[in-house]
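Colleague: Please take me through this model with a few questions and answers.

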Amino acid sequence: MARKIAAGNWKMNGLKADLAEIDSLAAAIADIESRPEVLICPPFTLLPLMHERAAGTGIAVGGQDCHPEPSGAHTGDIAAEMLADAGASHVILGHSERRSDHAEDDALVAAKARAAWRAELVAIICVGESEAERDAGRTLEVIGRQLAGSVPQGARPENTVIAYEPVWAIGTGRTPTTAEIAEVHAFMRERLVAAHGAAAADIPLLYGGSVKPGNAAEIFAVADVDGGLVGGASLRAADFVPIVAALAAS
Ligand code: PEP
């Protein structure tokens, strides 16, 4: 069985005043039975502060991207080692917003995943089809290609998490049907085992894309969904807590 993970992606949102959300989150989830892993990925500026604020709560913090190299002349970039130094245990890689805004391709995402492992971070590797690709019936082909290109050899449950995030569902309030999510997750499980061996069956598979308090329970009940990567609804503890609770109860 893969472990369950509720991961929040704050994207380019959050100032120091918003760190109070971590206090509210920690207090509210403290009593949740069978609590899943809870992770927040704030902007780089808040990472060390959030790490300190979350100390002793069991809430992990992660980055939203890293550079493949450990150091060097790369203005504006952040190395995986710097994330680890700031208190991160995870890093989101290959998010569709990085793939589109920064032209990141599968080979670059794979290089970043190797960098994450080098720094002993868990790589949360994102894959997902566009609306045009889904409409053309190419979803599994696209996901298969992204998994093959973005997930390096050496992936195992301890160092890798995969997030299926249909591009058209991110921030739109639209989600695939539960049958569509189940189809993709079963396919990912099978492809990961074929490429990385039997142990890869326990690599956690997260669904992401408009997960909200109102749909979380239904999504987490889907076979092969081990948790969620949550954008907008992770910014406020009032929204994220019921999502964590729904995952715990699934
Ligand atoms: C995301 O960006 O990872 C995401 C899933 O966003 P949202 O939950 O806002 O759709």
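Modeller: A definition to begin with: buried means under 20% relative accessible area and exposed over 50%, with partly exposed in between (1.4 Å probe, protein chains only). The model is predicted, so local features need pLDDT of at least 70, side-chain atom pairs count only at pLDDT 80 or more, and totals for chains, interfaces and linings use all residues. Residues are numbered from 1 along each chain as its sequence is written, and side-chain values use heavy atoms, leaving out hydrogens and water.

Colleague: Why does Cys41 form no disulfide, and how many disulfides does the structure hold?

Modeller: A disulfide needs two cysteine sulfur atoms within 2.5 Å. The sulfur of Cys41 has its closest cysteine sulfur in Cys126, 9.3 Å away, which is too far for a bond. For Cys66, the closest is the sulfur of Cys41, at 12 Å, again too far. The number of disulfides in the structure is zero.

Colleague: In which order do the eight strands close into a barrel?

Modeller: Let's follow some pairs (two strands pair if DSSP finds at least two bridges between them). Strand 1 (residues 5–9) is joined to strand 2 by five bridges, and strand 2 to strand 3 (residues 59–63) by three. With parallel pairing, the barrel order is 1-2-3-4-5-6-7-8.

Colleague: Which residue of strand 8 stands opposite Ala7?

Modeller: Strand 8 covers residues 227–230; Gly228 and Val230 point one way, Gly227 and Leu229 the other, and all are buried. Gly227 is the bridge partner of Leu206, in the parallel pairing of strand 7 with strand 8. Opposite Ala7 stands Leu229.

Colleague: What handedness has the β-α-β unit made by strand 2, helix 2 and strand 3?

Modeller: Viewed with the strands pointing away, a clockwise path from the first strand over the helix to the second is right-handed. Strand 1, helix 1 (residues 20–29) and strand 2 make a unit of this right-handed kind. The unit with helix 2 (residues 47–53) between strand 2 and strand 3 is also right-handed.

Colleague: At about what angle does helix 8 run to strand 7?

Modeller: Helix 8 (residues 178–196) lies across strand 5, strand 6 and strand 7. Met188 touches Val127 and Tyr164, among others (heavy atoms within 4.5 Å, not counting residues up to four places away in sequence), and Val127 stands opposite Tyr164 in strand 6. Between N-to-C directions of axes fitted to C-alpha atoms, for helices over the stretch in contact, on a scale from 0 to 180 degrees, the angle to strand 7 is about 150 degrees.

Technical notes
Helix = DSSP H or I, 4+ residues; strand = E, 2+ residues; numbered from the N terminus.
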